Amino acid sequence: MATQHTPAPTPLTPRRTGRPEDGATTRAPFATAATLATARIALGAVFVWAFLDKTFGLGYATAAGRAWLDGASPTEGFLGHVAAGPLRGTFHAMAGQTWVDWLFMASLLGLGLALLGGIGLRIAAVGGTALLALMWAAEWPPARHLADGTASGSSNPLIDYHLVYALLLAVLAVTGTGTTWGLGHRWTALPAVRTRPWLH
């Protein structure tokens, strides 16, 4: 007699047993997975948009004619105007350097694509946290005054969106959210990735 094989449940297709309470117990995991996947995709879009705007000068943060493709540096304006913090001189020296421009732009694109695709989230979390920590240090929220003595306008001396993004990256990496609305299953099935958990 042939037997039917019931596929294992996935985040998008939770198993139901037919009991009345199952509707409540299976909706919660799906809602959690869907919410985390939505946050992952939204954060990925933030990084991809920043890359596109700086590359092509779409007229938002980067004016037309000031794009990377036009020969302008995507880091010179930001790092060159750092006005507070112990790394101010270091950031000024880095501003506009070719290697800094390439590393910054590659980080934006890599982070964005990893988050949109739901792949390599552990690497994205580590690399993204490093990038965001440097950006936090460049803005230096703890400062009440800038180097010229004017008020910094900082709204919080510690927590700003850079740190919130970094925390979100960590949450997305440890919860395996790439398997929902992403390529996480295919990614982790690759031979080179399957034997190296740090690539998940």
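Predicted model: local features only at pLDDT ≥ 70, side-chain atom pairs only at ≥ 80, totals over all residues.
Two residues are said to be in contact when heavy atoms of theirs lie within 4.5 Å. Residues are numbered from 1 along each chain as its sequence is written, and side-chain values use heavy atoms, with hydrogens and water left out.

The protein chain has 8 helices and 0 strands, where helices (H or I, at least four residues) and strands (E, at least two) are DSSP runs numbered from the N terminus. Of the 200 residues in the chain, 32% count as buried, that is, under 20% relative accessible area, while over 50% is called exposed and anything in between partly exposed, with a 1.4 Å probe and protein chains only.

R40 belongs to helix α1, which covers residues 22-56. R40 is buried and yet has no salt bridge, since D160, the nearest side chain of opposite charge, is 22 Å away; a salt bridge needs a side-chain nitrogen of Lys or Arg within 4 Å of a carboxyl oxygen of Asp or Glu. A polar atom of the R40 side chain does lie 3.4 Å from the backbone oxygen of L116. Leaving aside neighbours within four places in sequence, the contacts of R40 include L115, L116, L172 and W181.

H92, in helix α3, is partly exposed, with a relative accessible area of 33%. Not counting residues up to four places away in sequence, H92 touches L79, G80, H81 and V82. The C-alpha atoms of H92 and L79 are 5.7 Å apart, although 13 residues separate the two along the chain.

The distances named so far are set side by side here.

| Pair | Distance |
|---|---|
| R40 and side chain of D160 | 22 Å |
| R40 side-chain polar atom and L116 backbone oxygen | 3.4 Å |
| C-alpha atoms of H92 and L79 | 5.7 Å |

Finally, there is the largest pocket, which holds about 890 Å³ of space. A pocket is an open set of points on a 1 Å grid over the protein atoms alone, with protein on both sides within 12 Å along at least five of seven lines, and its lining residues have an atom within 4 Å of a point. The lining has 36 residues, of which K54, P74, F78, F104 and M135 lie nearest the centre, and helix α5 gives the largest share, 8 residues.

Note on methods
Lys, Arg positive; Asp, Glu negative; His and termini not counted. Polar contact = N/O pair within 3.5 Å; in protein donor to acceptor, adjacent residues only side chain to side chain. 1 Å grid on protein atoms, 1.4 Å probe; cavity = no way out; pocket = protein on both sides within 12 Å on 5 of 7 lines; lining within 4 Å. Points joined across faces, edges and corners; volume = space filled by probe spheres on them.
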